[in-house]
Amino acid sequence: MTATIEKRSPEESIALKSLPGRLRELAAARSDDIALREKEFGIWQETTYGEFWLDVQAAAMGLWQLGVRPGDKVAIQSENRKAWVIADLATQAIQAVSVGLYATNPTAEVAYLLEHSESKVLIAEDQEQVDKALAVESLPDLEKIVYVEPRGVRSYTDPRLMSWNAFMAAGRAAMADEPHRVNGLVDTIDSNETATLVYTSGTTGPPKGAMLSHRNLSWVTESAQDLIGAGGLPNGQPQLLSYLPLCHVFGRLYDVCGALAMGSCVNFAESIETVVADLAEIQPTYFPAPPRIWEKMHALVNIRMADASFTKRALYKVFLKAGMKNADRLLATGSRGFVGEIVHAVGYVLVFRSLQRKLGMQRCQQAVSGAAPIAPEVIRFFQAIGIPLYEAWGMTETTALGTSNLPGSARLGTIGKAVNEEVEIRLDDDGEILIRSPGIFQGYFKNPEATAETIDVDGWMHTGDIAEKDDGFFRIIDRKKDIIITAGGKNVSPSEIENKLKVSPFIKEAMVIGDRRKYLTALIGIELDTVSNWAQRKGITFTTYRDLSEKPEVIELIQKQVDAANEHFARVETVKKFALIPKELDHEEGELTATQKLKRKVLVDRFSEIIEQMYR
Amino acid sequence: MRGRPALFTRYEADSAMLPTTTQRVWLGIGLVAVVGAAIWLPRDWLILIATAFIASIGVIGLNLVTGYAGQVSLGHAFFLGVGAYAGAAFGGEATEKLIGMGLDVIWWVPLAGITAGLIGAAIAPIAVRLRGLYLAFLTLGLVFLGEHIFREWDSVTGGPGIGRKPGVLRLAGWRFDLDGEIAGYAITREQQIYWLTLIILVIMAFAAKNIVRSRIGRAFAAVRDRDIAAEVMGIDLTRYKVLAFGVSSFYAGVAGALLFTVTGFVNTNSFNLLLSFTYIAMVVIGGAASITGSIMGAAFLTLLPRIIDGLGGAVPFLEVSSTGLLSTSQLERIVFGALIIGFLIFEPNGLNGIWMRLRNYWKAWPFSY
């Protein structure tokens, strides 16, 4: 049923030349398979691989008509949707370079990204994104803005604006005149040319544009099947839910490379708010998510179970306990054992089956946590309820692939082993991970200094992550620049402590502080959903997020969570004091990156008074 | 989609009555059980259940206008009466005093429904102008008007105290109301009535289900929830209110025509306010705005007297005759009243609400919501 890529012998070079080329192959081989689904007017509208390739060709001709030539940049600022992947592949098909912008990027960042990338055309999702681009005073390179949703934009008079429908119609007309142009361009793609620019979120300084070549993406696509599908192939076509931002490599790995590798069907979530409902409908075969999503799911189960009736709660407790034992055994040996399987089968019928269905994980063959470190407890929990969750590690600069835990080769708390034999990894003297693989990027766009700092003359990429190697498994300690050295001279990894704190369903954000200080403290942001639910059950009245954060009962509750986390650490590594952040952190206000990572410097500046108070 | 029951790629699948194979299988098993039950059920129970089937049709009709479209109607007894007499006139035997056309059952049952439906639709334009209590009073008036007409129109109704026979259950020479024999198997009159009414109920229930899950049903619900808002959304109030009364009366007409074939006799004073109230009670106890609830409510209230009768003598102080402390008929009335009060207070969604809660308990598993 699934379209798999022919395995090649190791000495052959990468057989696949480009993603558009791969799509063309699929469209020829299985043109009636569903490629994309997008929810519109309440039902999932389908696009087959045949139609997908026609759309990509039309969009490619549309871009060609607008004057886009090989090497030009095309920016896409949109939530995940059909138009995103069509525009991306169309851009690559005419040997131009796609640039993804987050839909959440504020105007100032949009200005920087459009200018820095020298984008010629912008594909903007809706009025919001169009407004951001129009608010920028001078963009000499930007010639056309194509908007996908016409609502609110119809009355705009800017001559650069064009609707997606008009754009596609023009492309189709041009395709009728020159039916072979796109095919010719796809045939002549030089796999060493840049295919896409991926701007890294930049917790420090402005974002840097990592150049990924066709070769990088092709290698990832060829490797994807053995990794994504390591948990087994489904009975039919694999289903994916596209919700991770496509401008991030993690999203691209699954929704473009993985989909094209296995001929999967990509279902676009309606929006980030509806992901939980969409998950339950799609029941994806493979599911990637950052720790934040897994933590949130974990918290959701905890809260809902706390509210459940006695019988349900009791059953859940019994089987979760048994499941935890099973999880340890499964992760250690790759099998639950005979008795374990029986216990799991009973638990599956009584509890886990419906629990998995509620979470949208019932058909999940393999789930991955990546993009940030995750607490082992969370992985253990999901393994216990029968969801095969594994931690993996990769970076934009390695085209998403680096190391991974896989079924039968997993160790809790580590990022696993190198994904395949083509990836070489060694540790530098200070423990920094150095990596060399066909996925290593070409360099930062218009930033040779940064490129030289990252890739050394032998082709090793310096990742900036400090790790230990243990029996082939890598264990990340922290980002090199984040490691805290206390006044006592002790090295502490803040993210490890932060992740332990975030295991608590009540804690959403945690930032450990203590560089050159006597002891460690933490800024903690509460999880509004769960804490307000807790407050309601305790009969505590509150008005706003800030008010809730300042309630003595809530502080006491968080103190308990901090105490529990502290038990895992040596005395110097414990959090002595903490303060609750009085507001929800936000990308718009510069406190988080587009991928929801903390911008530590900004937070230290913004909450300096609160921090100083903890050291008084 | 297979294996992914919540993934809908077509509206037909999204609004399907029985979206999953499991549901289809269970409905099939249920139907076979109900059909098969007739083979061993005693005659008196068969008749009782057949009455419940017929009452269900009437309750579905009332639920359409009251539960779905939100138009309170106390005039259901009137439309049941119209149906009963129209059925008798089209399907009954003519005598020197009475009109009777002697049509087959396949004709006179729909004709009875159409007659009632047309009268309902004719009265509806007046009702459209009223809401709530006023509408209730207007429909109440219909019952009194109807009682008078039924008493006076001797050539159709036979007149008070005399009455007439209902339509004859005859189809192409076959009599459903007589014991018969098919391929060597003896089948009783009661079994035939049971099966016949079951078939009609299934057809009518599926039709109603289709009405309420389509555009018309959504319009009904919009009118019920807020008629002004519905009108703003482009729903023609007059049209849909007339339609609601018309369809509801059609159902009442069919139910009325069949109801008295079971007993074999129509009396002019059967169609009083109490009958209207009984139907309202069936809607309330079964569950407003629910087809399944309509059937549950009708079955429950039809079988209740029989169950209470069964308790007579078995429970101390409870006698079948009225000599003791508490007779079964007294208890029946007490239970009837208590049930209405109890359901309105504790379970406004009726038996269907209880069923839903039971279902949700399992659906939410292992959570509680």
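This is a predicted model: local features need pLDDT of at least 70, side-chain atom pairs count only at pLDDT 80 or more; totals for chains, interfaces and linings use all residues.
In chain A, the centres of domain 2 and domain 3, taken over C-alpha atoms, are separated by 24 Å.

Chain A is divided into domain 1 (19–235), domain 2 (290–480) and domain 3 (483–614). Where domain 2 of chain A meets domain 3 of chain A, 17 residues of domain 2 are in contact with 15 residues of domain 3. On the domain 2 side, the elements that give two or more residues are helix H11 (291–307), helix H14 (376–384) and strand S21 (473–479) of chain A. Of these, H11(A) gives the most, with 6 residues. By class, the residues on this side of domain 2 of chain A comprise 10 nonpolar, 2 polar and 5 charged.

Taken as a whole, chain A contains 21 helices and 26 strands. The radius of gyration of chain A is 24 Å, close to the 25 Å that the globule rule gives for 616 residues, so chain A is as compact as a globular protein of that length. The C-alpha trace of chain A spans about 70 × 60 × 55 Å along its principal axes.

Phe41(A) is found in the loop between strand S1 (34–40) and strand S2 (43–48) of chain A. The phi of Phe41(A) is near 50°, a positive value in a residue other than glycine. Most residues other than glycine have a negative phi.

The second topic is a helix pair. Helix H2 (residues 49–65) and helix H3 (residues 82–93) of chain A pack at an angle of about 60°, and their axes are 8 Å apart. The crossing of H2(A) and H3(A) is right-handed. From H2(A), the contact is made by Asp55(A), Val56(A), Ala59(A), Ala60(A) and Leu63(A), and from H3(A) by Ile86(A), Ala87(A), Leu89(A), Ala90(A), Thr91(A) and Ala93(A). These residues divide into 9 nonpolar, 1 polar and 1 charged.

Chain B has 15 helices and 6 strands. Its radius of gyration is 21 Å, close to the 21 Å that the globule rule gives for 369 residues, so chain B is as compact as a globular protein of that length. The C-alpha atoms of chain B fill a box of roughly 65 × 50 × 50 Å, taken along the principal axes.

Within chain B, helix H11 (residues 237–263) takes part in two helix pairings, one of them with helix H3 (residues 43–68) and the other with helix H8 (residues 189–212). H3(B) and H11(B) pack at an angle of about 165°, with their axes 7 Å apart. Because angles over 145 degrees count as roughly antiparallel, H3(B) and H11(B) are roughly antiparallel to each other. H3(B) passes H11(B) in a left-handed crossing. Among the residues that make the contact are Ile47(B), Ala50(B), Ile54(B) and Gly58(B) of H3(B), and Ala244(B), Phe245(B), Val247(B) and Tyr251(B) of H11(B). By class, this contact has 20 nonpolar, 4 polar and no charged residues.

For H8(B) and H11(B), the axes come within 12 Å and cross at roughly 170°. H8(B) and H11(B) are therefore roughly antiparallel to each other. The contact involves Ile193(B), Thr197(B), Met204(B) and Ile211(B) of H8(B), together with Val247(B), Tyr251(B), Val254(B), Leu258(B) and Val262(B) of H11(B). The residues of this contact divide into 8 nonpolar, 1 polar and no charged.

Pro366(B) lies in the segment after helix H15 (350–363) of chain B. The peptide bond from Trp365(B) to Pro366(B) is cis, with omega near 0°. Most peptide bonds are trans.

Finally, the two chains touch each other. In that contact, 14 residues of chain B meet 21 residues of chain A. On the chain B side, the residues divide into 8 nonpolar, 3 polar and 3 charged.

Terms used. Residues are numbered from 1 along each chain as its sequence is written. Chains are lettered from A and ligands numbered from 1 in the order in which they are written. Domain bounds come from an automatic or database domain assignment. Two residues are in contact if their C-beta atoms, placed from the backbone, lie within 7 Å. Helices (H or I, at least four residues) and strands (E, at least two) are DSSP runs, numbered from the N terminus. Ala, Val, Leu, Ile, Met, Phe, Trp, Tyr, Cys and Pro count as nonpolar, Asp, Glu, Lys and Arg as charged, and the others, Gly among them, as polar. Axes are lines fitted to C-alpha atoms, for helices over the stretch in contact, and angles run from 0 to 180 degrees between N-to-C directions. Angles under 35 degrees count as roughly parallel, over 145 as roughly antiparallel, 65 to 115 as roughly perpendicular and the rest as oblique. A crossing is left-handed if the near helix is turned anticlockwise from the far one by less than a right angle, and right-handed if clockwise. The radius of gyration is taken over C-alpha atoms; the globule rule is 2.2 Å times the number of residues to the power 0.38.
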